[in-house]
Amino acid sequence: MESFIEEFQGDHEKTSELVVTVDGPSGAGTGTLASFIAEELGINCYSAGDFFRGIAADRDMTVEELGKVADKQTDLKVDRRTLEKGLSENCVIEARIPSRVLGTYSDLRIYLTADLEERAKRVSKDQEEGKRENEEKSESLEEVKERIRKRDEENWRRYKDYYGIENTKDIYDVLIDNTEMTIDEQQEQVRKILERKFPEQLE
Ligand SMILES: Nc1ncnc2c1ncn2[C@@H]1O[C@H](COP(=O)(O)OP(=O)(O)OP(=O)(O)O)[C@@H](O)[C@H]1O
Ligand SMILES: Nc1ccn([C@H]2C[C@H](O)[C@@H](COP(=O)(O)O)O2)c(=O)n1
């Protein structure tokens with residue numbers, strides 16, 4: 001199948017000088033890693049979740065309400081904001097596919113993952129601690145596992161349909177499986193990468 005992602009990316013002038021993108025499935029820790037990178041580099045951090053929440057606010061809806069009626073246009077709007085932000089502002093953007101959305105406009109493309117079992121444990125723990133207000137609660141670990149597995153499958157069905165892309169890892173500069181890594185160990189590894197890649201930006 002022909003890929004439409006280049007067409008979506010278009011041919012733009014990029015005014016930002018430093019953009020890092022962190023992709024990964026639910027519970028991989030993309031939010032945690034993106035915040036760390038942003039702090040290290042002294043730049044802002046965004047999540048496509050922020051853009052989704054912004055669209056909900058524009059429509060005077062809660063995130064849950066928008067989630068129920070979100071269609072292709074909603075996804076494209078979220079992804080267009082990712083593209084616009086990355087083209088115009090030095091920042092780190094984390095979500096499911098910001099590295100795909102920005103393509104070579106991103107200066108460092110990271111893919112983060114962990115085993116499904118481990119990701120489900122993290123999501124479950126966050127829920128127990130009241131950190132995931134917009135998600136279903138009182139699920140068993142097995143239910144969480146099944147929900148995030150299905151969600152990932154659905155997401156990739158949409159990305160294939162909208163952009164003609166597959167869930168391959170060939171476009172990434174860095175691949176990290178953090179199943180057996182602590183947050184500190186992961187940060188140590190990424191800090192070394194940042195030192196090599198952006199020595200002048202490190203504070
Ligand atoms: N390497 C790691 N090892 C153990 N726990 C981690 C690791 N990275 C992140 N976590 C923990 O996992 C949980 C989920 O992290 P985070 O919110 O960053 O994930 P996410 O990928 O952004 O999730 P989602 O996309 O579902 O919002 C948090 O409690 C975080 O502290
Ligand atoms: N194209 C999109 C649309 C939404 N998001 C955001 C919205 C949520 O905050 C978060 C959840 O994603 P999901 O678990 O539904 O994959 O992601 C996005 O990243 N990209």
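In this predicted model, helix α3 is followed by Asp60, a residue whose phi is positive, near 60°.

**Helix α3**

- At the N-terminal end of α3 the cap is Ser47, which has a side-chain oxygen 2.9 Å from the backbone nitrogen of Gly49.
- Within α3, which spans residues 48-58, the buried residues are Ala48, Phe51, Ile55 and Ala56. Because these residues cover an arc of only 145° around the axis, they lie on the same side of α3.
- An α-helix has 3.6 residues a turn, so residues three or four places apart point the same way.
- The elements against which the buried residues of α3 pack are the strands β2 (44-47) and β3 (91-95), together with the helices α4 (63-69) and α5 (72-88).

- Ala48 and Gly49 are among the residues around ligand 2, and the others are Phe52, Asp75, Val78, Asp79, Ala95, Arg96, Arg151 and Asn155.
- By residue type, this shell is made up of four nonpolar, two polar and four charged residues.

**Polar contacts and cover of ligand 2**

- A nitrogen atom of ligand 2 lies 2.5 Å from a polar side-chain atom of Asp75.
- Oxygen atoms of ligand 2 take part in two further contacts, one at 2.9 Å from an N or O atom in the side chain of Arg96, and one at 2.6 Å from a polar side-chain atom of Arg151.
- On its own, ligand 2 has 450 Å² of accessible area, of which the protein covers 78%.
- Two or more residues of the shell around ligand 2 come from each of α3, α5 and α8 (141-163).

How values were computed. Residues are numbered from 1 along each chain as its sequence is written. Chains are lettered from A and ligands numbered from 1 in the order in which they are written. This is a predicted model: local features need pLDDT of at least 70, side-chain atom pairs count only at pLDDT 80 or more; totals for chains, interfaces and linings use all residues. Side-chain values use heavy atoms; hydrogens and water are left out. Buried means under 20% relative accessible area, exposed over 50%, partly exposed in between (1.4 Å probe, protein chains only). Helices (H or I, at least four residues) and strands (E, at least two) are DSSP runs, numbered from the N terminus. The arc is that of the directions from the helix axis to the C-beta atoms. Contact means heavy atoms within 4.5 Å. A polar contact is a pair of N or O atoms within 3.5 Å; within protein, one must be able to donate a hydrogen and the other to accept it, and residues adjacent in sequence count only if both atoms are side-chain atoms. A residue is near a molecule or strand if one of its heavy atoms lies within 4 Å of it. Accessible areas come from the Shrake-Rupley method with a 1.4 Å probe; for residues, only the protein chains shown count as cover. Ala, Val, Leu, Ile, Met, Phe, Trp, Tyr, Cys and Pro count as nonpolar, Asp, Glu, Lys and Arg as charged, and the others, Gly among them, as polar.
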